[in-house]
Each structure stands twice: as structure tokens, then as C-alpha cells.
Amino acid sequence: MAAVSELELPPLESVLASLADYVAIPSDSRSADRDTMRRAAHWIAGQLDFAGGRVEETGGHPVVRGEWLGAPGAPTVLMYGHYDVQPTGDESEWLSPPFLLTVDGDIARGRGVSDDKGPVYLVVAMLQAAIAQRGGLPLNVKFLIEGEEEIGSPHLPEYARQHARELACDLVISADGAQWRPDEPSLSVASKGLVAFTITVEGARDDLHSGRYGGTVANPVHVLATILASLHGPDGSVAVPGFYDGVTPPSADRLAQLDAVPFDDELFAAQTGVPETYGEAGYATLQRLWERPTLEVNGVAGGGRYTVIPRVARGFVSCRLVGDQDPQRVLAAVRGHVERLGVRGVRVTVEQDGGAVPAYRIDPAHPAIAAATEALQGVYPGQEVLLAVIAGTLPATTLFEQVLGAKTLFFSFSTADEKLHAPNEFLRLRRIHEGMRAWDALLTSMADGPHRLRPVCLPDLAQAKA
């Protein structure tokens, strides 16, 4: 087992002071202006002076690039993260101002502190210390920190394809993607895919008086409710023919692994504030969360508390995908299902929202998983490292595999319960130094020895050689 690094880590107070400056920039990629987003990009680029940090343009918010290539002959990793954050939500629900980093006991609170500014910055601060104390790193490190992850990375694919040779690496390491629980170290070996869409039901040209026109025309809200209710069966399964194409049920070994994970349904329900858990019949809660695809209605819009028959109603739906599900085939299956319902008196459309992402998986036998497991065991001695699944979606993973031919290792030190995307987002303070020590051990382990990374060719180069 690799020894825990003897690197002298920067004092927690200095890390928090810098992180406070970073969090103070309200880089909400949905609503922030161009100057604000560029300010956040330049801030993190300024921390990469040891790697020639710089801001580069895309069709949207810029990316931050850098590279330290002082280890000739050693493997190369690409460190990925993002500087954009989610909207704050209702600021009255925050215990302290969302863009003011606030230390509260053993946590630091603020928008982006856990997703993803804190996890990115702790890596950068560790590398700064390592170079200052050792004069270099055990392998080559490149950086790609984007500003649009929270809106689906719409401009990253084009940028990555245009700069594939510059970004070429043997492994991508994502500082994004939280660990499963705070009381046990974990590595995620998969993340779910995503396709989202809007179901629009249009009726009359205008909203109609519900007295004068009631009972004479189809009500779009009624029709939408019928459509949405038809998407699931009584047992909680998705009732859309073809939806499950490409889904392989968990193997007996995988089910045994899941059964061995401590999981309390009643506690889970209590923590989420529901009377009991619910979902697809035949699968336990954790099995559904990690291994099964889902279709969720995220919102409904139409009419209001006044006496009209609305002219239009909309349902916002997202599907999280697993295995070999094809996002476009799933969308086509939903369209076919809606058409077969044969609703009358209205016009119905199903239109995709944003990009679609297939599911991602890294082989648990990949040397990066072995190296990461060893690094975590060094920081958390005596604790088993859980192989988990990210039930959310990280669009960059499949992109990097397609464009760079490289797998992505999730190595984040935020935790799934830290109110990511919600008011009062926080980061556990102990995770900062724990993460630095683990990253240091990880890079050392992957540079040489039994877990040394294997060389990876860009897909176009591999095809040329074939």
C-alpha cells in the first residue's frame, strides 16, 4: 500500500481564504453575465501559474487550460472540473449569504464550495505545494476547467474536438462527482446518462372562459395529466415500450455487492422527508438508484388559479439512463408512446431539451481504480473503499472517451449529502486536507509501479495505425 504523503500541506486557513475569494464570484452559468463568468475563469487560471494557466474562448463561457509537462516518459493525466455553479434558489432559505464563504463548525458553506470550486481548488493547492517543495510532479498534468457544466456543457464537445491533440492524455481525472457518503471512502465506477424533453399540449388559440367554453373543447392540462400518468405502470416501472432496450439486469455478483452495502430504507426516507421509499417493483432502493434507469416528471406548467381552460400545458421530463440505452432511441420511444395514446382535440409535441448523454462506466479492473483505492486506503486506513455509482450525469465523461480515447476516474472530495444544487451547500472542512493527501498519493501511484497508467492513443491516431 502506498504510504500517506509526507507533503507539507498548506494551512487550512489559507486554503479557506483563497476559496472564499473564489466562491465570492457568482458564476451561475444560467444567469451570470459574461464579465462575471470570465472573472471566475481568470481567478482559477491565475492559480495555475505553475502550468501556464490561461483562459481560452469557446462558443459560450470560456474554459481554463494549463499543463505541467515536466516528467518526460511518465504518463499524462487531464484534470477536469468546472468553475460554474448552480443558481442559489430562494436566498431566504440560506443560513448565510450564498456567495459569502461561511465557516460554521466543521463545515464551510457557500454556493459552489462543494460543487465544484472546493474540490477543484484543493487539487490546485496541493499541486502548488508539491512543486514548491519537490520541484516537480511524478507525472504530467494537464488542466481543463470549464464554465458550462451546470448547463450541460453545450460548447465543450466542439472545443474538445478542436483541441484533442493538445488535451491528449492517458486518463482524465474528474474533481467533479461527489463521494457516496461521508462515513466511508468510495469511488464511482459509473454515472447515468440523460435525455430530457418537454411534452407540450396545445388546445385553443387563446385561454378560454371555463364557464362559457367548459365541456366543449379538450383541456390541455387534463390531456397532459393523462399523458404523464401513462408513462408509468402501477408497479412503478416505466410503461413506455422500448424504454428498457439496452438495459442489462444486474448480475448475481453485482446484486450481492449491492446487498453488502449498508443501506437503511427507513433512514433514507426520513432523510428525504417522505413517508416511505417508492420505485420500480422487484428492485431494492439502492438497486434502483445505482443500476436502473428512471423517468421523472420534473415540472408541470399550465393555467393557474383563475377560471380558464388554458390554451397550453407543458410537462418537463428527464430520463436517467444506464447500460447501453441510446438517448435518442429513448426519446423516440416516448414520442411513439404518446402518439399511440391517440389523444383528441389538441396538438401534442415532444421536444428534446439540451444535449443527450449516454451512460458512462469504467472497468473496476482499470489500473486507475486500483491506484485510487490504494490512495484512499492510505488516507482512510482500515476502511473498505466502496465502488459506487453516480446516479446523476456528468456529460464530459463520454465526450472524453469518444474524443480522447481516455477513461475518466471520478476522484472528488465533496459528498453527495452536502446540499449540492440546493440552498446551504457546504463542504466538510476535513475533506480539504484528506483530499490533498489522497490526490498526492494517487498521482504517485499512477506514475510508476503496478498501477502505472497504460498509454492511450487518440481515436483518430489509433484508427490510422490500424
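This is a predicted model: local features need pLDDT of at least 70, side-chain atom pairs count only at pLDDT 80 or more; totals for chains, interfaces and linings use all residues.
Me: Why does Val23 count as buried?

Reply: The cut-off for buried is under 20% relative accessible area. Val23 has a relative accessibility of 0%, and therefore counts as buried.

Me: How far apart are the C-alpha atoms of Val23 and Ala447?

Reply: They are separated by 32 Å, and the two residues stand 424 residues apart along the chain.

Me: How do you know that the length of helix α2 agrees with what it should span?

Reply: Helix α2 covers residues 34-46, which is 13 residues. The expected span is 1.5 Å times one less than the number of residues, so this helix should span 18 Å. Its end C-alpha atoms are 18 Å apart, and therefore the two values agree.

Me: What caps the N-terminal end of α2?

Reply: The cap is Asp33, which has a side-chain oxygen 3.3 Å from the backbone nitrogen of Asp35. A polar contact requires N or O atoms within 3.5 Å, so the 3.3 Å between these atoms falls inside the limit.

Me: Which residues of α2 are buried, and what covers them?

Reply: The buried residues in α2 are Thr36, Met37, Arg38, Ala40, Ala41, Trp43, Ile44 and Ala45. Their cover includes helices α1 and α3 together with strands β1, β2 and β6.

Me: Are Cys319 and Cys457 buried or partly exposed?

Reply: Cys319 has a relative accessible area of 0% and is therefore buried. Cys457, with a relative accessible area of 36%, is partly exposed, because that class runs between under 20% and over 50%.

Me: Why is the pairing of Glu401 and Lys407 called a salt bridge?

Reply: The term requires a side-chain nitrogen of Lys or Arg within 4 Å of a carboxyl oxygen of Asp or Glu. Between the side chains of Glu401 and Lys407, the N to O distance is 2.9 Å, so the pair qualifies. Side chains of opposite charge can pair when their charged atoms come close. By this rule the count comes to 17 salt bridges.

Me: What does the salt bridge of Asp417 and Arg428 link?

Reply: The side chains meet at 2.8 Å, N to O. This pair links distant parts of the chain: Asp417 is in the loop between β17 and β18, whereas Arg428 is in strand β18, eleven residues apart. Asp417 counts as partly exposed at 37%, and Arg428 counts as buried at 16%.

Me: Which residues are linked in a network of salt bridges?

Reply: The network joins Arg54, Glu56, Arg65, Glu67 and Glu166.

Me: Which residues touch the most other members of the largest nonpolar core?

Reply: They are Ile173, Phe411, Trp439 and Met446, within a core of 79 residues. Helix α3 gives the largest share, eleven residues. Apart from this core lies another, of 24 residues, among them Leu231, Val330, Ala333 and Val346. In soluble globular proteins, nonpolar side chains tend to be buried together.

Me: Where is Ser174 found, and why does Ser174 count as buried?

Reply: Ser174 is found in strand β7. Its relative accessible area is 1%, which is under 20%, so Ser174 is buried. A polar atom of the Ser174 side chain lies 2.8 Å from the backbone oxygen of Asp176. Beyond four places in sequence, Ser174 touches residues including Tyr80, Leu394 and Phe411.

Terms used
Residues are numbered from 1 along each chain as its sequence is written. Side-chain values use heavy atoms; hydrogens and water are left out. Helices (H or I, at least four residues) and strands (E, at least two) are DSSP runs, numbered from the N terminus. Buried means under 20% relative accessible area, exposed over 50%, partly exposed in between (1.4 Å probe, protein chains only). Contact means heavy atoms within 4.5 Å. A polar contact is a pair of N or O atoms within 3.5 Å; within protein, one must be able to donate a hydrogen and the other to accept it, and residues adjacent in sequence count only if both atoms are side-chain atoms. A nonpolar core is a set of buried Ala, Val, Leu, Ile, Met, Phe, Trp, Tyr and Cys residues joined through side-chain atoms within 4.5 Å.
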